[in-house]
Amino acid sequence: MISPRQRCPAARRASLRAHLCFASALMGVLALKTGVASVAHAVPITAQTPVAPVSDTIISPNSKARANPPMSARPVDAEAMGPEPSAIRRPPNTPIPPSGVPELPSSGFATMDFTPLMPSEDKKSPHQIELDALLPSEGPSGLLPPRLDALRDTDLNDPYYVPTAGAGHLLRAIDPMREWLRKRGFTFSFSYKGEAMGLMSGGLEKGMSYVHELTLQAIFDLQKMAGLNGWSVHTLVMERAGKAIQNGRVGEYYVALQEVYSLSGNVAAHLVDFYAEKKMMQNRLDLIFGRMSLTHVFATSPLLCSFMVTCSAPVGLKQNPAMSVYPKATWGGRLRFRPTRDTAVQVGAYSVSALTDNPSGWSWGAENTTGLSLPIEFTWQPFLTRNRLPGHYVIGYAHDTTRYADKISSVYPKKLADRLPGTRSAPADMMWVEADQMMYRLGGRNMMAGGYLMAGYVHTTPHVANISDQAYGGFSMVGMIPGRITDRFGVLYSWYHVSQRRRLSQELAQEAGLPLGSSIHGIQNNSHIIEAYYGIDAFPGILIQPEFQYMIHPGETHRIPNAVMAGLKLIANL
């Protein structure tokens, strides 16, 4: 009997045509063994079988698939068919390229620093955006059943992002100039984001609030400009203005209900990012150093930033000076690498200063450094089923060497607080677990083409934090309305828990007849927020997003039962 490998010797090569030929020969042998002319319950694999378009991914002769068991021991449909044609069909006239990799920079990136942004310094690398793995093997994904695990080396070419602006540009007349500059090493993006929210019931005072930001981003590719292989410089300047709804109308002071207005509000030109990036070791290592926001690098998810409340990281972490929250920037550096094809590790070291220091971003000498923040994060990124459904499972930890005063002294007089046991200053530790998993694919091969489930939990040392715990869960879906494949619908529930030390300080102060503060309406415990949005990709460069928020116990007390808010977000990518 002629074996499948004898029928099709080209099957030893890692090419699409060889896999198809090998699978066809295998089925023929199975049919001969069973004496059946056709296999009734198997899908015939022929040259006409729908597969993922080769042009939609980056393929290199040197790229290797994972070590798979023999074809005879594997399901034919899971191995050879590729994604369903209906799942990878791109919307008509979309400006998003087949691989999902946009021209950079783009305001469509919810988190600009989550993945390397510049092409590899190694032009032979199969991945020009994502890093190559140190080891040509799988990590935890190798334990999955073959029918479930769809990870291949070339699945990693897409950056992890969800667009938070309409794809493309509003001012298309200057596209030729953009392309001319890009070829010479300079790319830029200028965007507007406006958020209007109104308090419909509950809270403190009904009314509308409006905030906005203007953002200018630029990337200088030093390879094209000066021949410095793998080097680039990233900058971001923004202007913010308005008055947020949470303080005066809702009665909330820990959670920013309009993420546009935080820290640097009413600053004409706030410097956020100014850092260098270097890709090295044949695209296996990525280093960034300079001034940057730590929560745009660690403990973040682009899916979170499609929401208004949680962008860009969980609130339970953003309140801590050690996790410099966007647009607060600090000096630091981060090193990122992929041990295996399905894992990633990043470590960093950042200076720590109060979040209110240097509100303009330009007065570097005015910052009072109090310590060092040392974060580390591990990510497992599997690709599941024939439709290559990506997931991101993250666990992280950060230690801040700053000595913080115990929260007992935040309300209680320090002279009295020092007499209490266990109230000495102490460093802070933070941990986070975050996960998201695409449940279905619709509209293309890229990472934003599909619906996700997501959840997370964060914890901070209770002695030094106002909010010690946060948990969240929700979903982010596309294609909820037929024909609107690029629209996105999301719902997120979040629970915030005030630290026991903060609560104890208020109880002691109340017993002593001392005021709790003008912004505290009673002993604080916890609060809940449900947020829903529908993002409409109206036309190139414009995203219109109606918003709804329902908060239980604003201010984390029972004095204010709830608050119901509705509004509109508009993002224009000029």
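Student: What is the mean pLDDT of the protein?
Tutor: The mean pLDDT is 78, and 75% of the residues reach 70 or more. Confidence is highest in strand β14, residues 488-498, where the mean is 96, and it is lowest in helix α2, residues 16-34, where the mean is 39.

Student: Where does pLDDT stay under 50?
Tutor: One such stretch is residues 1-79, for which the model has 103 contacts beyond four places in sequence. Over residues 107-116 the pLDDT is also below 50, and this stretch has 51 contacts in the model beyond near neighbours in sequence. Where pLDDT is low, the predicted coordinates should not be read in detail.

Student: New topic, then: where is Thr-460 found?
Tutor: Thr-460 is found in strand β12, which covers residues 450-460.

Student: Is Thr-460 buried or exposed?
Tutor: Thr-460 counts as buried, because its relative accessibility is 0% and the cut-off for buried is under 20%.

Student: Which residues does Thr-460 touch, apart from those up to four places away in sequence?
Tutor: Thr-460 touches Gly-316, Leu-317, Asn-320, Asp-429, Met-430, Ala-465, Ile-467 and Ser-468. With Gly-316 there is also a polar detail to look at, as a polar atom of the Thr-460 side chain lies 3.4 Å from the backbone oxygen of Gly-316.

Student: What about Leu-294, where is that one found?
Tutor: Leu-294 is found in the loop between β5 and α8, and with a relative accessibility of 0% this leucine counts as buried.

Student: Which residues is Leu-294 in contact with, leaving aside neighbours within four places in sequence?
Tutor: Leu-294 is in contact with Ala-322, Met-323, Ser-324, Tyr-350, Ser-373 and Pro-375.

Student: Which residues does a cis peptide bond join?
Tutor: A cis peptide bond joins Tyr-326 and Pro-327, with omega at about 5°. Pro-327 has its place in the loop between α8, residues 315-318, and β6, residues 330-337.

Student: What is the phi of Met-281?
Tutor: Met-281 has a positive phi of about 55°, although this residue is not a glycine. Met-281 lies in the loop between β4, residues 267-280, and β5, residues 285-292, and is partly exposed, with a relative accessible area of 44%.

Student: And what is the phi of Thr-385?
Tutor: Thr-385, which is not a glycine either, has a positive phi of about 65°. Thr-385 is found in the loop between β9, residues 383-384, and β10, residues 389-404.

Student: What is the relative accessible area of Thr-385?
Tutor: The relative accessible area of Thr-385 is 27%, so this residue is partly exposed.

Definitions and conventions
Residues are numbered from 1 along each chain as its sequence is written. This is a predicted model: local features need pLDDT of at least 70, side-chain atom pairs count only at pLDDT 80 or more; totals for chains, interfaces and linings use all residues. Side-chain values use heavy atoms; hydrogens and water are left out. pLDDT is the predictor's confidence in each residue, from 0 to 100. Helices (H or I, at least four residues) and strands (E, at least two) are DSSP runs, numbered from the N terminus. Contact means heavy atoms within 4.5 Å. Buried means under 20% relative accessible area, exposed over 50%, partly exposed in between (1.4 Å probe, protein chains only). A polar contact is a pair of N or O atoms within 3.5 Å; within protein, one must be able to donate a hydrogen and the other to accept it, and residues adjacent in sequence count only if both atoms are side-chain atoms.
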